[in-house]
Amino acid sequence: MAQIINEQDIINAICLSQAYYKNIRPEDVLVELTYDDDAGFGAEAEVNGQIEMLNTAAMIGALRVWIKDVLHGDPFSTGIELILDDEEGIIAKLSS
């Protein structure tokens, strides 16, 4: 059975990933998830007043960090599919 990561945990994953790369606390990162029919999934991460645009691949990378550090799973053998759900918003479906 596939595991679902909700929208808030996707945001948390991006915060954690940005914190690792920028040597800051996850709480210092503000994230807004986006979806566009042409561009697909994305996110805006704000750190110290600077905004970084993340594409789908960067979001998947952040989720791999989350899988490794929070879920204690193998981040590279886990399939990750981002889904735009009418009720839940942006979610990620994990499969092994």
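Ser-17 sits in helix H1, which covers residues 7-22; helices here are DSSP runs (H or I) of at least four residues, strands are runs (E) of at least two, and both are numbered from the N terminus. The model is predicted, so local features need pLDDT of at least 70 and side-chain atom pairs count only at pLDDT 80 or more, while totals for chains, interfaces and linings use all residues. Residues are numbered from 1 along each chain as its sequence is written, and side-chain values use heavy atoms, with hydrogens and water left out.

With a relative accessible area of 5%, Ser-17 is buried (buried means under 20%, exposed over 50% and partly exposed in between, with a 1.4 Å probe and protein chains only). Leaving aside residues up to four places away in sequence, Ser-17 touches Ala-62 and Val-65; a contact requires heavy atoms within 4.5 Å.

Stepping back to the whole chain, there are 2 helices and 6 strands, and they follow the pattern β-α-β-β-β-α-β-β along the sequence. The C-alpha trace spans about 40 × 30 × 20 Å along its principal axes. Buried residues make up 38% of the 96 residues. Of the contacts with a separation of 6 or more, 42% join residues 24 or more positions apart.

Now to the aromatic rings. A search of the whole structure finds 1 aromatic pair, formed by Tyr-35 and Phe-41, with 4.9 Å from centre to centre and 55 degrees between the planes. Rings of Phe, Tyr and Trp (its six-membered ring) pair if their centres lie within 6.5 Å; planes under 30 degrees apart count as stacked, over 60 as edge-to-face and the rest as tilted. The pair is therefore tilted. Phe-41 is buried, at a relative accessible area of 13%, whereas Tyr-35 is partly exposed, at 37%.

Most residues other than glycine have a negative phi. Asn-48, however, has a positive phi near 50 degrees, and lies in the loop between strand E3 (40-47) and strand E4 (50-54). His-72 also has a positive phi, near 55 degrees, and is found in the loop between helix H2 (56-69) and strand E5 (79-85). Asn-48 is exposed, with a relative accessible area of 71%, and His-72 counts as exposed at 65%.
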